[in-house]
Amino acid sequence: MNIASIRNASLFSIYCSVPEYSIDNNEFAKSVFEEDLSSTINALGVQKRHICKNRETTSLVLATDSAKRMFEDSEYDKSKIGALIFVTLTPDCLMPNNASAAHEILGLDANCAAFDVNHACSGYIYGLWLSSLICSNLQKDVLLLDADTNSYYTSERDKSTGLLFGDAGSASLIKYDEQALPLQFCFFTDAKKRDALTIPGFGFKYPLTEDSLKYKLFPDGGTRRFIDMYMDGESVFNYVVSKVPKQVRAFFDEIEMEPEEYMGLLLHQANAFMLRQMARKIGFETDKVPFSIQEFGNTSSVSIPLTITFQNDNYHFSGLYLMVGMGAGLSTGIVSIDLSSLQKLNLFYGDY
């Protein structure tokens, strides 16, 4: 097993931005599918979803708004930032990357590196890994942006995704800290199942055509465009519930830790029933697992920082936590992280 142990980096602050506009899932199901899907919605755990009603709002807007508020609240010296990383599966355009645009919007120094990471469910863990590596190497702070506008690429007429996804953005500051406890990372990839969660209609394998924008009924029963998200729910469920707990237990064995030594478990908010099954198999009681899916739905890789800011009043986010992101790829990212340095948390609801 590959364990990456990184010193001299700590997570200092997390700011999140979400649309104020929200959809009641039960009412949505009755209006779109003309069915009472309350049992399905209860299993998913998604009572509401916050989505952008203004199509001019992009992942770039949601992330940079979060960063602006972070800088304003702490009067932070931006010259301390050595790199900017932007995690997103919904960039504003293929080129230039979101990170370059964010660099200009936020007024960062010219000698600051800026690049995107194309990832979904486990993306925040990947972002933390890269941020911590760069922070330790440069001995400078790193700004990690993570945002997605999932609703733009989700069909409302597809039951597997239309009830699930929401929009959100975040900004996390990783500071150079010689007193920080090591962060320990581990990653897994099951690429043979990568098509279980996909947006096929963008990119150069399947060029965008007029036909890509038409709604069609697919063999799985979902009505969607070729540019919309497709999810094989059974394959994703099997991966998360069957494989991920074994991966986490192997990680514990490697670093010689047990669930009892952690303050809590922070999971990518994929599906409430699935998360409870997974937490039980790993060895965590439900009261040590914060949830945000009931309010925001699945916000892709933003869901972990969003959960922290949303549950700030109910959980003491200090001490050792386990973060696990799992899903698209199919992939898993795991990190054992000390949150004692986490000082600034904020969740903003905007007119997006």
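I'm working from a predicted model, by the way. I listed the buried ones in helix 10: Ser303, Ile304, Pro305, Leu306, Thr307, Ile308 and Thr309.

I found an open sheet of five strands, ordered 1-9-16-15-14, and the pairing is mixed. Which strands stand at the edges? Strand 1 (4-6) and strand 14 (264-267) do; each has a single partner strand, so one side of each has no neighbour in the sheet. I noted an average twist of 20° from one strand to the next.

I then zoomed in on the pair under helix 10's entry. Strand 14 and strand 15 (residues 320-327) run parallel and are joined by four bridges. Leu267 sits opposite Val324 of strand 15. I also saw helix 8 (residues 272-282) packing on the sheet, where it touches strand 14 and strand 15. Its direction makes about 140° with that of strand 14.

Last entry: Pro245, which I located in helix 7 (residues 233-255). Is Pro245 buried or exposed? I got a relative accessible area of 5%, which is under the 20% cut-off, so Pro245 counts as buried. Leaving out residues up to four places away in sequence, Pro245 touches Val240, Met278, Lys281 and Ile282. For Lys281, 36 residues along the chain from Pro245, I read a C-alpha separation of 6.0 Å.

Terms used: Residues are numbered from 1 along each chain as its sequence is written. This is a predicted model: local features need pLDDT of at least 70, side-chain atom pairs count only at pLDDT 80 or more; totals for chains, interfaces and linings use all residues. Side-chain values use heavy atoms; hydrogens and water are left out. Helices (H or I, at least four residues) and strands (E, at least two) are DSSP runs, numbered from the N terminus. Buried means under 20% relative accessible area, exposed over 50%, partly exposed in between (1.4 Å probe, protein chains only). Contact means heavy atoms within 4.5 Å. Two strands pair if DSSP finds at least two bridges between them. Axes are lines fitted to C-alpha atoms, for helices over the stretch in contact, and angles run from 0 to 180 degrees between N-to-C directions.
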